[in-house]
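Trainee: Can you go through this one with me? I'd like to start with the helix packing.

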Amino acid sequence: MTQVGLKGLIEELDQAAKDEFASGPEVVDKGHELDVDELPVQARRWHKVTDAVAVVADLKNSTRLGTGKHAKSTASIYQASTGGVVRIFDEFDADFLAIQGDGAFALFWGEMRYERAICAGITIKTFSLDLVRRLEARWPNDEELPKTGFKVGVAASRLLVKRVGTPRNPNQQEPVWAGKAVNYAAKAAQGVDRHVMAVTGTVWDQAEKYEYLTYSCPCGDGPSPTIWSDHTIERLPDGDLEAQGRALSSQWCAIHGEEFCAAILRGEKKRDDLDHAKAQEAAARQRSVLALKAQRERAALRARIAGLR
Ligand SMILES: [Zn+2]
């Protein structure tokens with residue numbers, strides 16, 4: 001039988017909070033070389049990583065995956081979906097990953113953190129489409145099968161981390177991450193539709209250096225820069241520029257994905273097949289400037305005619 005000394009527990013917790021707030025904890029700056037296995041659990045010491053990129057993959061409509069008569073299919077969906085995302089994070093050498101809610105999140109720091117994080121995110125989008133195709137083929141015409149699939153968010157910030165939990169019981173300890181990245185990546189994921197990846201302003205600043213990311217491959221109408229759109233991440237603090245992000249609608253191409261992903265992970269930024277696409281973009285910009293000018297002239301003329309009457 002569970003017995004709790006409630007009064008003593010509450011008093012002890014209150015004293016611990018009082019002690020904690022009376023003097024700030026120690027912070028050890030680890031730069032870009034954080035080691036999660038070294039995190040203290042008892043000492044009031046946090047480790048700081050200079051810049052970490054968080055990727056959150058959130059399963060859309062997962063609350064509607066019932067456990068009643070569909071318990072077995074729901075179990076299969078979780079295994080395939082969450083298992084798949086964890087595998088992807090691992091393949092891209094995530095420095096930390098955790099299953100969280102109806103999805104998973106990963107953190108990347110150190111060398112090529114933005115490249116690994118963004119490529120993992122695009123891989124999750126690509127996997128998500130295949131997953132839903134399989135789901136719908138396995139349970140066709142099932143009214144109760146919700147429109148599901150992964151929504152992906154990516155954000156970056158400095159983070160503080162400490163192992164928190166019961167001392168001497170590793171099963172009851174988890175690293176706790178304090179800082180914007182995880183929270184912002186979760187909000188970015190929540191705000192988009194399935195199979196879409198949203199990135200914050202800082203992450204876009206890194207992504208846009210790569211022509212392998214900013215333009216689509218030569219298939220179809222490509223290479224095209226329209227695969228990304230401006231996207232405001234909702235529910236971030238007022239005035240936070242991180243909210244001015246971008247959203248990616250496309251995924252890895254079956255033909256070019258392998259080559260593009262490898263190039264990005266090697267740090268290659270420039271492509272040599274974009275002269276035509278860039279010339280077209282410049283022409284389109286020029287046309288819109290001219291159209292705007294003509295529109296203004298017509299409006300001025302109309303105003304003059306109206307004045308003459
Ligand atoms: Zn292609």
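Trainee: At what angle do α2 and α3 cross?

Mentor: In this predicted model, the axes of α2 (residues 71-91) and α3 (residues 113-138) cross at roughly 160 degrees and come within 10 Å. That makes the two helices roughly antiparallel, since the cut-off for that label is over 145 degrees.

Trainee: Left-handed or right-handed crossing?

Mentor: The crossing of α2 past α3 is right-handed.

Trainee: Which residues make the contact?

Mentor: On the α2 side they are I77, A80, S81, G84, V85, I88 and F89. α3 contributes A120, T123, I124, F127, L131 and L135.

Trainee: And how does that contact split by class?

Mentor: Between α2 and α3 there are ten nonpolar residues, three polar ones and no charged ones.

Trainee: What about α3 and α7, what's the angle there?

Mentor: About 160 degrees, with the axes of α3 and α7 (residues 257-265) 9 Å apart. The pair is therefore roughly antiparallel. E115, R116 and C119 of α3 meet C261, I264 and L265 of α7. By class, that contact has four nonpolar residues, two charged and no polar.

Trainee: Stepping back, how many helices and strands does the chain have?

Mentor: Eight helices and nine strands.

Trainee: How much of it is buried?

Mentor: Buried residues are 34% of the 309 in the chain. As for contacts, among those between residues at least 6 apart in sequence, 67% join residues at least 24 apart.

Trainee: Take a residue in α4, V182. Buried or exposed?

Mentor: V182, in α4 (residues 180-190), is buried because it has 24 C-beta neighbours inside 10 Å, and the cut-off is 20 or more.

Trainee: What is V182 in contact with, beyond its sequence neighbours?

Mentor: Setting aside residues within four places in sequence, V182 contacts A54, F105 and W177.

Trainee: Now L6. Where does it sit, and is it buried or exposed?

Mentor: L6 is in α1 (residues 6-22). With 8 other C-beta atoms within 10 Å, L6 is exposed. Its C-alpha atom is separated by 47 Å from that of I118, 112 residues away along the chain.

Trainee: On to the backbone. Where is the cis peptide bond?

Mentor: The cis bond joins G222 and P223, with omega about -5 degrees. P223 is in the loop between α6 (211-214) and β8 (228-232).

Trainee: What is the phi of R168?

Mentor: About 70 degrees, a positive value, although R168 is not a glycine. R168 lies in the loop between β5 (150-165) and β6 (173-178), and is exposed, with 9 other C-beta atoms within 10 Å.

Trainee: And the phi of R235?

Mentor: Near 65 degrees, positive in a residue other than glycine. R235 is in the loop between β8 and β9 (244-248). R235 is exposed too, with 11 other C-beta atoms within 10 Å.

Conventions. Residues are numbered from 1 along each chain as its sequence is written. This is a predicted model: local features need pLDDT of at least 70, side-chain atom pairs count only at pLDDT 80 or more; totals for chains, interfaces and linings use all residues. Axes are lines fitted to C-alpha atoms, for helices over the stretch in contact, and angles run from 0 to 180 degrees between N-to-C directions. Helices (H or I, at least four residues) and strands (E, at least two) are DSSP runs, numbered from the N terminus. Angles under 35 degrees count as roughly parallel, over 145 as roughly antiparallel, 65 to 115 as roughly perpendicular and the rest as oblique. A crossing is left-handed if the near helix is turned anticlockwise from the far one by less than a right angle, and right-handed if clockwise. Two residues are in contact if their C-beta atoms, placed from the backbone, lie within 7 Å. Ala, Val, Leu, Ile, Met, Phe, Trp, Tyr, Cys and Pro count as nonpolar, Asp, Glu, Lys and Arg as charged, and the others, Gly among them, as polar. A residue is buried if 20 or more other C-beta atoms lie within 10 Å of its own, exposed if 12 or fewer, and partly exposed in between; C-beta atoms are placed from the backbone.
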